[in-house]
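Please read the following report alongside the sequence and the three-dimensional structure.

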Amino acid sequence: MLENIKVMIIGWFYYGILFMAGSVVVTSLLNRGFTKLYIPPLIVNAISAMILLIGFKLGLPNMGYAMYFNYMPVVFASVMYNFIIFIIRKLKKRLEVK
């Protein structure tokens with residue numbers, strides 16, 4: 001099980017690195033428009049899910065591949081990007097108080 005997860009994450013960085021980079025760029029642009037950090041990843045997730053479902057509906061081949069190496073890394077990168085921003089903001093607040 002753990003070996004499968006390792007292989008999947010390695011695959012994300014091998015096959016989906018451009019998608020992850022695009023997700024981070026889009027998330028950072030959306031962060032400028034929204035004050036809440038949880039909204040941009042939800043938007044990225046919704047758009048990614050719609051594209052994935054449209055692909056399933058059209059019967060495009062390799063949609064299982066797209067699920068693991070396009071959709072999941074995009075959403076994961078967006079969530080991790082905003083989680084890191086959240087942690088940095090919390091640490092800055094604690095340092096300012098002291």
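M80 is partly exposed, because its relative accessible area of 31% falls between the limits for buried (under 20%) and exposed (over 50%), as judged with a 1.4 Å probe and protein chains only. The place of M80 is in helix α4, where helices are DSSP runs of H or I with at least four residues, numbered from the N terminus. Together with F76, F83, I84, F86, I87, I88 and L91, M80 makes a nonpolar surface patch of about 700 Å². A patch is built from residues with over 30% relative accessible area and no salt bridge, nonpolar side chains (Val, Leu, Ile, Met, Phe, Trp, Tyr) being joined within 5 Å and like charges within 9 Å. The salt bridge excluded here is a side-chain nitrogen of Lys or Arg within 4 Å of a carboxyl oxygen of Asp or Glu, and the accessible areas come from the Shrake-Rupley method with a 1.4 Å probe, only the protein chains shown counting as cover for residues.

This is a predicted model, in which local features need pLDDT of at least 70 and side-chain atom pairs count only at pLDDT 80 or more, while totals for chains, interfaces and linings use all residues. Residues are numbered from 1 along each chain as its sequence is written, and side-chain values use heavy atoms, with hydrogens and water left out.

A patch of positive charge is also found on the surface, where R89, K90, K92, K93 and R94 gather. K92 lies in helix α4, which covers residues 63-97, and K92 counts as exposed because its relative accessibility is 52%.

Contact means heavy atoms within 4.5 Å, and, not counting residues up to four places away in sequence, T27 touches P40, V44, S78, Y81 and N82. With neighbours within four places left aside, P40 is in contact with T27, L30, N31, F34, S78 and N82.

Which residues does F19 contact beyond its neighbours within four places in sequence? They are F69, N70 and V74. F19 is found in helix α2 (residues 17-33) and counts as partly exposed at 42% relative accessibility. Y68, in helix α4, is partly exposed at 44% relative accessibility, and, with neighbours within four places in sequence left aside, Y68 is in contact with M8, W12 and P73.

The table gives C-alpha to C-alpha distances for pairs of residues separated along the chain.

| Pair | Separation in sequence | C-alpha to C-alpha distance |
|---|---|---|
| F19 and Y71 | 52 residues | 8.5 Å |
| P40 and S78 | 38 residues | 7.7 Å |
| Y68 and M8 | 60 residues | 7.5 Å |
| G64 and L52 | twelve residues | 9.5 Å |

G64 lies in helix α4 and, with a relative accessibility of 39%, counts as partly exposed.

The loop between α3 and α4 is the place of N62, a residue that has a positive phi of about 65° although it is not a glycine. Most residues other than glycine have a negative phi. N62 is exposed, because its relative accessible area is 57%.

Conventions. Lys, Arg positive; Asp, Glu negative; His and termini not counted. Charge placed at Lys NZ, Arg CZ, Asp CG, Glu CD. Helix = DSSP H or I, 4+ residues; strand = E, 2+ residues; numbered from the N terminus.
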